[in-house]
Structure formats: C-alpha cells, structure tokens
Amino acid sequence: MATKLSRPDIIAYNVTGSEDVDNARFYKDCEKWFGNEITRVGSADFKDTWDVWDRRRYLRDRNGAPCTQELKIKPRLQFQQPDDIHIFGYTADRADVRRADGFREHWPELNVEFPLIERGITKSGCLAMIESAGLRLPRVYAMGLPNANCIPCVKASSPGYWSLIRNYFPEEFEKMNCLCKSLNYKVCRVHGEWIHLDELPDDWPMAEPIAPECDFLCGLAEGDLG
C-alpha cells in the first residue's frame, strides 16, 4: 500500500527464500496493480533463512536475527544508491511506529519516508484497502499470521504464533524444533518461561487473524490511489 500511495521509480523486494508459496502470486498481482515490475534483491551468500541459521549457528540475540542481517540489510545496502529516498510500509500501529523511529535513529544518513504512518493508516486499514482495490491478500493472513514474512520467524515468541505454525506448517515447525534442540535454543515463551517447541501444549489456541477494517483515514487515503 505504501508503494501504491508513493509511486516510487524502483520497487525493491528482499528475497529470503523462506516465504509461503502464495506470496509469489500476490507479488505478481501487485506488479499488475502498480503497473511496474518489482526488483528482487537477494543475498549472494545464503539461500534462505535455514541456510543462515545452519551456518551462523544461532537464531537471534539482543542485536536481532542473523537472517535479517544477511537476507535483508546487507543486500539492501549493496543495492541502494546514496541519493535514494527510502519508502517503507510501516503502519500507524504503535509497534510499527516504534520500529520506524528506531529505523530513523539507526540509519540517520538515509532519506526515509513512512507514508502509512503519515496518513494514520493501521495494519487492519491497510489490509482493507488492498482488498477494496480487488487484490487477494496472501493466504497466511487468513490463517492468522500477522505478516506475510518468512515461515517460521525466529523473532516471534508468542505461543499462539507457534501453535499456528504447528497447525498449518508442521514440517517447518518440526524442523525448527530440531534446530532449536541442536543449538540448545528456545524460541517460544509461555507465561514468561522459555520452552522448547515440543513442550508447547497440544491444545494451545492459535493466533487470531487480523480483521481488515478501514476507518475514515484510510478512506481518505484511497482517494490518492488513482
């Protein structure tokens, strides 16, 4: 949605090799909607998130996850130009506003814009606008995932998230469980206590989907879509 509102000359997407297969369909739909191709930017050193975790031998620490560094940050730094204006799709939800503020603080040399925050558009409003434009959202949103990112994401610690991954992506769940055991690492936290994935109760409820909902602010922004 940030892309459609801003109409940048170059639309870049970080290839991670670990997203749901339906995302490829959504990107093609978006290219038609934008009237512009999406440039794939990937790592020359790593195949996907699993490759990063296997070779780096850790999942995350206080500085973040190595997959983010290797598959997103490094390729973007190699691709970008000094005079670029960087447009990001952070929404007006509180957590995203904090991320945007942190981005500005960490990368003060970059010229950045956050059109969804500027217009007060939340995640639910953004999803509603996309559906209103006639696009079918990536299927993982209907499952309950908050973002159409890598599956799984090691930055997620919610038991509801991991219960959802176990239900819809059992192979990835078990693969992550085995990797965590081999690294002696725990990614799930229940009632403040970190646990291994195979310790997550079988009946733990899954995360609920975000309901697309457009308020008057996103209604106003739809007038800018053209």
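Modeller: Start with angles. Under 35 degrees counts as roughly parallel, over 145 as roughly antiparallel, 65 to 115 as roughly perpendicular, and the rest as oblique. Keep in mind that this is a predicted model.

Biologist: At what angle do helix H9 and helix H10 pack?

Modeller: H9 spans residues 159–168 and H10 spans residues 170–183. They pack at about 120 degrees, and their axes are 5 Å apart. H9 and H10 are therefore oblique to each other.

Biologist: Which residues in H9 and H10 meet?

Modeller: From H9, take Trp162, Ile165, Arg166, Asn167 and Tyr168. They meet Pro170, Phe173 and Met176 of H10. By class, this contact of H9 with H10 has 6 nonpolar, 1 polar and 1 charged residues.

Biologist: Now the cysteines. How many disulfides does the structure hold?

Modeller: A disulfide needs two cysteine sulfur atoms within 2.5 Å. The structure holds 0 disulfides. Take cysteine 180: the closest cysteine sulfur is in cysteine 178, 9.4 Å away, so that is too far for a bond.

Biologist: Is cysteine 180 buried or exposed?

Modeller: Buried means under 20% relative accessible area. Cysteine 180 has 1%, so cysteine 180 is buried. Cysteine 126 is buried too, at 10%.

Biologist: Where is asparagine 177, and what is its relative accessibility?

Modeller: Asparagine 177 sits in helix H10. Its relative accessibility is 5%, so asparagine 177 counts as buried.

Biologist: Beyond its neighbours within four places in sequence, what is asparagine 177 in contact with?

Modeller: Leaving those neighbours aside, asparagine 177 is in contact with Leu197 and Asp198.

Key:
Residues numbered from 1 in each chain as written. Predicted model: local features only at pLDDT ≥ 70, side-chain atom pairs only at ≥ 80, totals over all residues. Heavy atoms only, no water. Buried < 20%, exposed > 50% of the residue type's maximum accessible area, 1.4 Å probe, protein only. Axes fitted to C-alpha atoms, helices over the stretch in contact; angles between N-to-C directions. Helix = DSSP H or I, 4+ residues; strand = E, 2+ residues; numbered from the N terminus. Contact = heavy atoms within 4.5 Å. Nonpolar A, V, L, I, M, F, W, Y, C, P; charged D, E, K, R; others polar.
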